[in-house]
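Have the model open while you read.

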Amino acid sequence: MNLQLNDNIDTEKLRTQFKQTKNIVIEDFLKEESAINLYKYFVQKMPEDWWSTSFRASGTKDYSGTTVIRRFKKNLEKINSQYPMLYKALSRGQFAYIFDRTTKHVKGCNCPKCQYEKFISSKAVLKILNYISDEDCTKRGEFFASRFTSGQFLGPHHDINKGKLGMVYSLARDWKPEYGGNLYILEKDYRTIKKVVLSTFNRLALFSIPAQNGIPHFVSQVVPNVKKHRISITGWLT
């Protein structure tokens with residue numbers, strides 16, 4: 001798969017916006033063919049048991065203590081039994097979440113997900129993202145594809161120590177805002193909404209992560225009985 005950046009990205013306009021807000025969205029980030037091929041891979045071609053369900057409920061807003069279970073058929077009942085506990089934790093103000101994600105692939109893997117990771121941290125793309133953000137990132141941190149399905153969510157957290165820049169590349173094709181699964185960026189009080197980034201197709205959300213306080217944000221719950229999947233690739237640059 002040959003991933004290609006959209007030639008029409010207005011880096012000057014985005015740089016000005018980022019300087020003011022420290023978070024932007026880049027519409028049509030990849031050329032359409034590249035975005036469609038990535039989408040088809042995650043929705044149609046990647047084996048179901050290459051996904052894992054990640055969940056956690058705790059009073060702290062980091063990812064320690066996370067449980068990750070591969071989505072083999074034998075594990076689905078155990079995964080589905082976690083939802084009531086996680087909803088209760090969220091209602092009590094604990095950091096809770098449940099969503100499907102990819103885990104680290106073997107070294108040398110050349111699947112589309114791994115190709116995207118190499119692409120996003122290539123010198124050419126890093127140069128553009130660093131120019132827009134006025135950062136000096138030199139390499140990628142953790143990256144994974146995520147899939148939010150009916151009932152899944154990611155509670156408020158901060159991403160401290162994840163990297164200098166965070167990004168969510170959305171591949172939610174034919175997704176409607178009322179389905180949920182939208183990214184909410186919050187003020188430091190964790191209550192005031194600063195910005196809502198709707199899940200859509202071929203859109204990159206890019207945001208700065210302050211070293212001291214991080215960037216409070218969450219992904220809203222996908223409403224019950226939605227058959228489509230909110231697909232994205234999440235990662236950090238350091």
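Which residues of helix 6 (residues 123–133) are buried? They are V125, L126, L129, N130, I132 and S133, where buried means under 20% relative accessible area, exposed over 50% and partly exposed in between, with a 1.4 Å probe and protein chains only. Helices here are DSSP runs of H or I with at least four residues, strands are runs of E with at least two, and both are numbered from the N terminus.

This is a predicted model, so local features need pLDDT of at least 70 and side-chain atom pairs count only at pLDDT 80 or more, while totals for chains, interfaces and linings use all residues. Residues are numbered from 1 along each chain as its sequence is written, and side-chain values use heavy atoms, with hydrogens and water left out.

| Element | Residues |
|---|---|
| helix 1 | 11–21 |
| strand 1 | 23–27 |
| helix 5 | 112–120 |
| strand 7 | 165–171 |
| strand 10 | 201–208 |
| strand 12 | 230–237 |

Now for N130, which has a relative accessible area of 13%. Its side chain reaches the backbone oxygen of C137 at 2.8 Å. Leaving aside neighbours within four places in sequence, N130 is in contact with E135, D136 and C137.

Methods: Contact = heavy atoms within 4.5 Å. Polar contact = N/O pair within 3.5 Å; in protein donor to acceptor, adjacent residues only side chain to side chain.
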